[in-house]
Amino acid sequence: SDVYKRQAQASFNLTGDLKSIQLSRLKSNFIFDDSKASLSGSIQSINTFTGVQLQAYSEGTDGKWLNAYQDYFPGELIDHYTLSSEIENHNNGWKFSNIEASTKIDETTLFGKGEIIIDESPLYLNLNIKGRGNHPEWIDRLQDDINAKYIDDVRVDFNLVGKDNAWSIENLESTILTEDHTFTASGNIAFAADKTTQAELEISSAGRNLYSLARIVKYELPESKKFHIRSKLKYQNPTLSLSDTSIIVDNTNVTGQGEIDFLSPPNIRAQLKAKSLSVEHIIALSQDEAIKPPVEKASTNNETLFSDKPLELDWLNKADTDIDLQVDKITFRKAELDNLKTTLIASQGVAKLTIDSLSYSGSELTADLKTDIKAQTHEYYIHTENFNVGKLLKETDTTDLLTGNLDFNLNIDSTGETSRELAGNARGEFTAFITNGSLDNDRIDLLASNLVKELLPGKKHEPR
């Protein structure tokens with residue numbers, strides 16, 4: 001390109017006749033603004049351009065000239081680069097061997113070596129690439145959704161292999177370090193000629209605080225004491241499989257496996273087990289204003305326990321799910337519930353949640369909840385016997401006014417789009433008995449008055 005070429009020098013010997021001219025002892029140098037290059041070697045026949053044996057070298061302090069040949073990476077980010085290679089004929093094409101290349105961008109250094117063959121097929125490539133960098137803030141200029149300044153150290157090592165229009169990243173080993181977070185990934189990724197992708201990766205992410213991870217990807221999460229996530233990923237279009245998965249956040253520990261089919265809608269299948277599950281942590285996560293989606297405030301006029309506001313069930317159309325969850329122990333404040341076995345199945349707007357067992361203080365609870373948002377039908381079944389509801393209310397800091405054991409049975413169905421319609425259209429059976437119980441009457445009048453206000457708004461009620 002005449003825009004960047006500033007100077008060229010060359011010396012060589014020419015021998016032979018008009019049928020076959022040989023070039024030997026070639027020495028040449030080129031200067032491109034802040035870059036320079038050299039080419040040396042020999043050509044057995046210039047006429048047929050065969051017997052080529054050349055050595056090429058280039059280095060510079062500005063890579064902006066690369067922008068004339070590609071548009072996916074801004075060359076001006078490069079502070080320094082070197083490139084050397086041997087060039088020779090290969091069948092009907094060219095072979096670039098003993099390639100060695102290095103690039104420095106801010107405090108990041110990339111180094112690669114290998115070979116490239118351009119033959120009758122479009123391309124064959126085999127390169128080993130290593131990289132290491134501290135605080136790679138230059139990534140922020142390429143990706144708007146990453147805060148690379150919080151990355152203390154990044155290391156990567158992989159083989160880049162390509163043939164024709166198929167590419168693969170093999171033997172990947174990568175590590176990202178922050179002040180209190182470590183992320184590692186290893187495995188292989190293949191990009192086929194038909195644009196499909198296959199991948200097998202092992203990932204691990206661990207740290208003292210979720211915030212250290214969240215700020216890198218510009219996503220806010222509540223603080224936590226510690227976390228550790230690891231999994232084996234296998235992707236073959238359109239399915240992502242996860243196995244040997246373990247997620248530990250504070251006192252919550254979940255293990256299992258699952259699959260996601262990236263269809264429309266996505267299909268999610270998972271089998272999960274947890275030794276412990278902290279309800280308080282889940283509540284804190286859902287109530288954190290930084291990550292919670294904006295919620296429209298309900299009108300202060302005519303607020304009721306059963307409102308006319310449509311139920312928010314659109315999420316049932318966003319994915320089909322089949323999830324099994326088993327939890328050994330659920331903790332909420334001072335309460336401990338055991339042996340939860342539950343299944344959530346959702347497909348085409350119909351969802352069913354089944355609780356096969358949930359134990360507390362020697363009693364069990366079972367439930368079946370089904371919702372069809374298209375037909376606007378709902379079926380609810382909940383059953384428990386001798387459930388120590390008084391103890392549960394006290395241990396969860398809800399109230400200590402009530403004591404006793406609860407026998408409860410709910411078996412109803414209903415239709416409607418709002419909680420008011422569900423209550424009005426409910427049909428079925430409902431029984432509740434409390435045995436060996438008591439209710440503190442110190443505030444019973446106030447409790448009854450508040451309940452009436454919830455059910456019948458707009459009417460004044462005063463405790464007697």
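# Reading aromatic pairs, contacts and backbone angles

Reader: How many aromatic pairs does the count come to?

Author: The count comes to four aromatic pairs, where rings of Phe, Tyr and Trp (its six-membered ring) pair if their centres lie within 6.5 Å, with planes under 30 degrees apart counted as stacked, over 60 as edge-to-face and the rest as tilted. Please keep in mind that this is a predicted model, in which local features need pLDDT of at least 70 and side-chain atom pairs count only at pLDDT 80 or more, while totals for chains, interfaces and linings use all residues. Residues are numbered from 1 along each chain as its sequence is written, and side-chain values use heavy atoms, with hydrogens and water left out.

Reader: What kind of pair do Tyr360 and Phe387 make?

Author: Their ring centres lie 5.6 Å apart with the planes at 35°, so the pair of Tyr360 and Phe387 is tilted. Tyr360 lies in strand E19 (residues 350-360) and Phe387 in strand E21 (residues 377-387), so the pair ties together parts of the chain that are 27 residues apart in sequence. Both Tyr360 and Phe387 are buried.

Reader: Which residues is Leu406 in contact with, leaving aside neighbours within four places in sequence?

Author: Contact means heavy atoms within 4.5 Å. With neighbours within four places in sequence left aside, Leu406 is in contact with Thr384, Glu385, Asn386, Phe387, Val389, Ala432, Phe433 and Ile434, so that this list includes Phe387, the residue whose ring pairs with that of Tyr360. Leu406 itself belongs to strand E22 (residues 402-415) and, because its relative accessible area is 16%, counts as buried.

Reader: How long is the polar contact that joins the side chains of Thr82 and Ser102?

Author: A polar contact is a pair of N or O atoms within 3.5 Å; within protein, one must be able to donate a hydrogen and the other to accept it, and residues adjacent in sequence count only if both atoms are side-chain atoms. Between the side chains of Thr82 and Ser102 that contact is 2.5 Å. Thr82 lies in strand E5 (residues 80-90) and is buried, with a relative accessible area of 19%. Apart from its neighbours within four places in sequence, Thr82 is in contact with Tyr57, Ser58, Glu59, Glu100, Ala101 and Ser102.

Reader: Which residues does each cis peptide bond join, and what is phi of Lys195 and of Asp244?

Author: Most residues other than glycine have a negative phi, and most peptide bonds are trans. Here a cis bond joins Asn237 and Pro238, with omega at about 10°, and Pro238 is placed in the loop between E13 and E14. Another cis bond joins Ser264 and Pro265, with omega at about 0°, and Pro265 is found in the loop between E15 and E16. Lys195, in the loop between strand E11 (181-191) and strand E12 (197-207), has a positive phi near 75° and is exposed, with a relative accessible area of 73%. Asp244 has a positive phi near 50°, lies in strand E14 and, at 45% relative accessibility, counts as partly exposed.

Reader: How many helices and strands does the protein have, and what share of its residues counts as buried?

Author: The protein has five helices and 23 strands, and 30% of its 464 residues count as buried. Among contacts between residues at least 6 apart in sequence, 41% join residues at least 24 apart.

How values were computed. Helices (H or I, at least four residues) and strands (E, at least two) are DSSP runs, numbered from the N terminus. Buried means under 20% relative accessible area, exposed over 50%, partly exposed in between (1.4 Å probe, protein chains only).
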